[in-house]
Amino acid sequence: MTIPSSPAALRVIESDICIVGDGAIAKTAALGLTQAGFSVTLLAPPSRPSAPAADPGWDARVYALNHTAHHLLSSLKVWHALDHARVAPVDAMIVHGDGPHAGGLAFDAFGAHTGTLAWIMEDRNLGQALDAALKFAQNVRVVEGRATGLLRADDSATVHLDDGSSIKAALVIGADGAQSWVRGQCDIGLDYRSYGQRAVVSNFACEKPHHGAAYQWFTGADGIVALLPLPGNQVSLVWSAPEALADTLRAESAQQIADRLAVYAAGKLGALTPLQPELVRDFPLRLIRPHAMSAPRVALVGDAAHVVHPLAGHGMNLGFADVAQLVKTLGECEEHRGIGDTRVLARYERARKEDVLLMQIATDGLERLFGTDLEPLRVVRNLGLNLLDKLPVLKRRLISHAMGK
């Protein structure tokens, strides 16, 4: 066997935990676990240098964070590091059905006995706050590199990098997204379903104030349109559009998309004007259900563990709940077992199973129900919305679950 001679090839980084990923969930996990007393190595892909924009404008990608996310980020001192001038509280959620006799459903913070339902923030804002927190975190080492292999033993796991170096840890956490490399290395099977849709996202100024309300229209053939409040008279669009319509929307200008939205939004928000005419993005929508959230010496969090339809806006919240539970489970681990013990990781998986399954069933079921254009189903689903709107106890239970309470 040839023994590599370069310094990088001989370097072995040791820590309690190795996290693979560089998104918000990976960084939050690193902060949470080091706060719990573990040493952490965060493996991120090599960064690409880019010239900072004079005015970056508003991110097209935004998140609706619930109370679970708020509590976790607050406990990690990240929430207060956000630029709160760019965070919008959601005080109401108004859902519209489809067809000539469209049903409706409305939630508000007052009825839910809370100060706010959720908070809308940009990916950039969250990322910058997490990066700032990581700079001051103890026992977190950020390593840039590409993983090439994962070797698991009885007492540890080793991630090999493309420069010949390696990271040895008691536990490897896959926080590397829907196409998770870590998950693939563990041969964890999955159920996959493409929704035949893409989420088209952009931002607009609205003529009328939104009053902190998030709007959602189930349109039937044209998919699901959501307008989320941004600070000021501004909203962020998430249009879950069938592939053919998504292609059309991406070929159009932001102003043409705004003209299309007038059919739904004009009565509520008035005329819409693109904030950044060139900034329209899209990403595919799919359901990914891995058969396990853990394997020997490995735990999965975030999109590596589950991907759901964004119609409820809870994909990121599920990931934050994963992190909170994993930190709790590892913190309560018996000393004689160790954090990579299969039984310890099984506790984490059991604790998350119900919440994840409920969200998968709810989002997939709603997409199937409202994605069908049969008239009998249209009547039933609109009647269902109207009935639910008149049942305050059930409404409170639903919104409480969505808020992560």
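Visitor: How many bridges join strand β4 (residues 88–90) to β7?
Guide: Welcome! This is a predicted model, in which local features need pLDDT of at least 70 and side-chain atom pairs count only at pLDDT 80 or more, while totals for chains, interfaces and linings use all residues. Residues are numbered from 1 along each chain as its sequence is written, and side-chain values use heavy atoms, with hydrogens and water left out. Helices (H or I, at least four residues) and strands (E, at least two) are DSSP runs numbered from the N terminus, and two strands pair if DSSP finds at least two bridges between them. In β7, Ile 120 is the bridge partner of Ala 88, and the antiparallel strands β4 and β7 are joined by a bridge count of 3.

Visitor: Which residue of β7 is the bridge partner of Val 62?
Guide: Strand β3 (residues 62–65) also pairs with β7, in the antiparallel sense and over 4 bridges. In β7, the partner of Val 62 is Glu 122.

Visitor: How many residues of β7 are buried?
Guide: Buried means under 20% relative accessible area, exposed over 50% and partly exposed in between (1.4 Å probe, protein chains only). On one side of β7, Ala 118, Ile 120 and Glu 122 are buried, and on the other Trp 119 and Met 121 are buried as well. For strand β7 (residues 118–122), then, the buried count is 5 of 5.

Visitor: Why is strand β5 described as largely enclosed, and how many of its residues are buried?
Guide: Strand β5 (residues 92–96) is joined to strand β6 (residues 104–108) by 5 bridges and runs antiparallel to it, with Met 93 opposite Phe 107. Strand β5 is largely enclosed by the rest of the structure because its buried residues number 4 of 5.

Visitor: In β13, which residue is the bridge partner of Val 95?
Guide: Strand β13 (residues 213–218) runs parallel to β5, and 5 bridges join the two. The partner of Val 95 in β13 is Gln 216.

Visitor: How far apart in space are the C-alpha atoms of Ala 265 and Gln 216?
Guide: Ala 265 sits in helix α7 (residues 254–269) and counts as buried because its relative accessibility is 0%. Contact means heavy atoms within 4.5 Å; leaving aside neighbours within four places in sequence, Ala 265 contacts Trp 217, Leu 227, Gly 270 and Leu 272. Ala 265 and Gln 216 are 49 residues apart in sequence, and their C-alpha separation is 9.7 Å.

Visitor: Which element gives the most residues to the lining of the second largest pocket?
Guide: On a 1 Å grid over the protein atoms alone, a pocket is an open set of points where a 1.4 Å probe fits, with protein on both sides within 12 Å along at least five of seven lines, and lining residues have an atom within 4 Å of a point. The second largest pocket is lined by 33 residues, with Asp 22, Lys 27, Asp 123, Gly 127 and Asp 131 nearest its centre. Elements giving two or more residues to this lining are α2 (24–35), β2 (40–44), α4 (123–136), β8 (140–144) and β17 (281–290). With 9 residues, the element that gives the most is α4.

Visitor: How many residues of that pocket's lining are charged?
Guide: Ala, Val, Leu, Ile, Met, Phe, Trp, Tyr, Cys and Pro count as nonpolar, Asp, Glu, Lys and Arg as charged, and the others, Gly among them, as polar. Beside 15 nonpolar and 5 polar residues in the lining of the second largest pocket, the charged residues number 13.

Visitor: What is the phi of Asn 139, in degrees?
Guide: Most residues other than glycine have a negative phi. Asn 139 lies in the loop between α4 and β8. Although Asn 139 is not a glycine, its phi is positive, at about 65 degrees.

Visitor: Is Arg 297 buried or exposed?
Guide: Arg 297 lies in the loop between β18 (294–295) and β19 (298–300), and has a positive phi of about 70 degrees. Because its relative accessibility is 12%, Arg 297 counts as buried.

Visitor: What distance separates the C-alpha atoms of Ser 180 and Asp 303?
Guide: Ser 180 is in the loop between β11 (166–174) and α5 (181–185). Not counting residues up to four places away in sequence, Ser 180 touches Leu 300 and Ala 304. Ser 180 and Asp 303 are 123 residues apart along the chain, and their C-alpha atoms are separated by 8.0 Å.
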